[in-house]
Amino acid sequence: MENQELAKALAKAQKEVKELEKTAISKVRLKSGGEYSFQYVTLESVLDEARRVLASNGISFQQHITRDDKGLCLFTELMHESGQSKIIPYYQPYGTHPPF
């Protein structure tokens with residue numbers, strides 16, 4: 001299997017991820033005049049936790065975005081201290097919404 005050391009380190013890191021507290025609140029106004037709110041985990045909190053568990057297992061990551069005439073592509077590269085790495089692309093065509 002390619003990237004065995006990276007895969008082992010990722011499995012170990014996933015075991016270390018803690019549940020994050022929802023510290024932010026979003027209020028949504030409805031067209032009908034009502035509103036509701038919900039709590040969520042901030043992106044900053046998610047990235048801080050990801051950096052913590054990945055770094056403690058010898059993993060770093062970087063991301064960059066490219067674009068062409070059809071859409072954007074976010075590349076995430078995971079790099080292990082052993083020298084192994086994996087690039088994960090996520091392509092988002094213009095005029096569409098992410099599936100989340």
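Contact, in these legends, means heavy atoms within 4.5 Å. The views show a predicted model, in which local features need pLDDT of at least 70 and side-chain atom pairs count only at pLDDT 80 or more, while totals for chains, interfaces and linings use all residues. Residues are numbered from 1 along each chain as its sequence is written, and side-chain values use heavy atoms, with hydrogens and water left out.

**View 1. Asn3, in the segment before helix H1.** Setting aside residues up to four places away in sequence, Asn3 touches Gln84, Ser85 and Lys86. Asn3 is buried, because its relative accessible area is 16% (buried means under 20% relative accessible area, exposed over 50%, and partly exposed in between, with a 1.4 Å probe and protein chains only). Look at the backbone too: phi of Asn3 is near 65°, a positive value in a residue other than glycine.

**View 2. Helices H1 and H2 packed together.** Helices here are DSSP runs of H or I with at least four residues, strands are runs of E with at least two, and both are numbered from the N terminus. H1 covers residues 4-16 and H2 covers residues 43-55; their axes are 8 Å apart and meet at an angle of about 130°. Axes are lines fitted to C-alpha atoms, for helices over the stretch in contact, and angles run from 0 to 180 degrees between N-to-C directions. H1 and H2 are therefore oblique to each other (under 35 degrees counts as roughly parallel, over 145 as roughly antiparallel, 65 to 115 as roughly perpendicular, and the rest as oblique). On the H1 side, the contact is made by Leu10, Ala13 and Glu16, and on the H2 side by Glu49, Arg52, Val53 and Leu54.

**View 3. The largest nonpolar core.** Which residues make up this core? There are seven: Leu6, Ala9, Ala13, Val53, Leu54, Ile59 and Leu78. A nonpolar core is a set of buried Ala, Val, Leu, Ile, Met, Phe, Trp, Tyr and Cys residues joined through side-chain atoms within 4.5 Å. H1 and H2 are the elements that give two or more residues to this core, and H1 gives the most, with three. Now pick out Val53: leaving aside neighbours within four places in sequence, Val53 is in contact with Ala13, Glu16 and Val17.

**View 4. Asn57, in the loop between H2 and strand S3.** Is Asn57 buried or exposed? Asn57 is buried, since its relative accessible area is 7%. Not counting residues up to four places away in sequence, Asn57 touches Ala9, Lys12, Ala13, Glu16 and His80.

**View 5. Phe61, in strand S3.** Phe61 has a relative accessible area of 24%, so this residue is partly exposed. Its contacts, leaving aside neighbours within four places in sequence, are Leu47, Arg51, Leu54, Glu77, Leu78 and Met79. Phe61 and Glu77 are 16 residues apart in sequence, and their C-alpha atoms are 5.4 Å apart in space.

**View 6. Glu44, in helix H2.** Glu44 counts as exposed because its relative accessibility is 59%. Glu44 and Tyr91 are 47 residues apart along the chain, and 23 Å separates their C-alpha atoms.
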